[in-house]
Amino acid sequence: MIAYKLTPEQAEVLTGTEFMPDNYFAPIEDINGDKFISVEEVDQCVNEQFQWVKELQPAEFIKPIPTHPFPIT
Amino acid sequence: MAKKYFFYKGVADAPSYLPLTTAFLTVIGIPDDGSTTIYGCTGHELWVGVNAFEQKGIDDGWLAKMVYLYLFIGGSASLNKFNFMNPADSDAAYRLTFSGGWTHDENGSKANGTNAEASTHLDPVTLFATGLLSFGRYNDQATKGAIIGGAGGYLYDWAGLASGFIDIGNSNGVSGYTRVYNGFVTITRANGTQISHYGNGTKQTLSQTFTSLPSGNILIGGNFGPSYYSDARFKMTFFSAALSDAEELSLRTANAALQTVLNRL
């Protein structure tokens with residue numbers, strides 16, 4: 001899966017800010033602990049303050065291994 | 001008998017609509033006229049459709065049980081976020097807060113399955129400490145994930161690749177039912193020892209003892225962290241006191257009629 005890798009500082013700046021009205025950035029960790037934002041957040045970003053996200057380079061995003069298996073009765 | 005509202009009753013050219021319909025569509029900003037909406041129907045047809053939905057809920061008793069009811073009408077995050085039951089722009093009114101990769105349009109709000117979730121700001125234990133409640137969804141495009149979840153991991157509708165799990169008020173989810181990714185799904189706890197899954201009208205009842213409902217907001221599209229996000233496209237979701245079989249059928253029928261008006265059945 002393709003997403004956009006952030007530095008820790010970039011992730012901190014974006015967290016909780018809007019990329020479009022009423023929809024917030026949500027940086028997420030990959031399997032290595034690096035922070036990423038999604039294609040949708042980059043493509044739909046209309047917040048003039050954060051247009052620099054459109055300069056980010058796409059990279060492979062691998063989800064973390066689940067920390068707990070889903071509960072089964 | 002519930003009060004009926006009739007269109008164009010009384011003053012000519014002055015339609016009368018039910019209060020929730022009026023408040024909601026006024027906030028959304030769709031005029032009650034002949035202009036074509038993003039749904040392909042006219043504004044007037046949309047008002048009539050939403051009003052009929054509300055009337056059905058009054059007549060058949062399910063509307064009074066609702067806490068939140070998201071119709072995803074408007075086509076943007078700023079409009080799809082509103083709760084039909086109380087379209088105030090506040091957490092206390094259970095207005096959705098979208099985060100991560102969502103796509104909002106006339107078809108609803110689609111989660112990307114990677115990091116998208118929406119907080120309802122509803123902590124169910126504050127209203128349903130005994131767990132007697134219903135929640136549900138009408139969606140398409142789902143292939144995986146926690147479609148709805150929360151309450152500290154004690155309440156969810158999770159559609160896994162191998163099997164699904166549902167839970168209301170226990171540390172362990174239950175499977176053994178036919179999971180339904182898409183369509184109209186309701187999950188109900190009507191007593192302390194069983195929960196029921198209604199998948200597009202097929203009811204399956206499973207044994208699950210209620211133990212507790214920890215504090216925690218209900219999320220749409222996500223739960224349990226990065227490995228469990230859903231890719232569903234939501235067209236309606238609800239949370240209510242426990243619905244009877246008849247109320248579930250009525251809600252499902254009313255939703256189908258509304259979605260037909262919106263050209264997204």
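Predicted model: local features only at pLDDT ≥ 70, side-chain atom pairs only at ≥ 80, totals over all residues.
Mentor: Residues are numbered from 1 along each chain as its sequence is written, chains are lettered from A in the order in which they are written, and side-chain values use heavy atoms, without hydrogens and water.

Trainee: Why is Cys45(A) called buried?

Mentor: Buried means under 20% relative accessible area, exposed over 50%, and partly exposed in between (1.4 Å probe, protein chains only). Cys45(A) has 3% relative accessibility, so it counts as buried. Cys41(B), at 4%, is buried too.

Trainee: And what makes Val261(B) partly exposed?

Mentor: Its relative accessible area is 23%, so Val261(B) falls in the middle class. Leaving aside neighbours within four places in sequence, Val261(B) is in contact (heavy atoms within 4.5 Å) with Cys41(B), Glu45(B), Leu46(B) and Gly49(B).

Trainee: How do you know that Asp22(A) and Lys81(B) form a salt bridge?

Mentor: A salt bridge needs a side-chain nitrogen of Lys or Arg within 4 Å of a carboxyl oxygen of Asp or Glu. Here the closest N and O atoms are 3.0 Å apart, so the pair qualifies. The rule finds one salt bridge across the interface of chain A and chain B.

Trainee: How many residues does each chain bring to the contact?

Mentor: Chain A brings 25 residues and chain B 28 residues.
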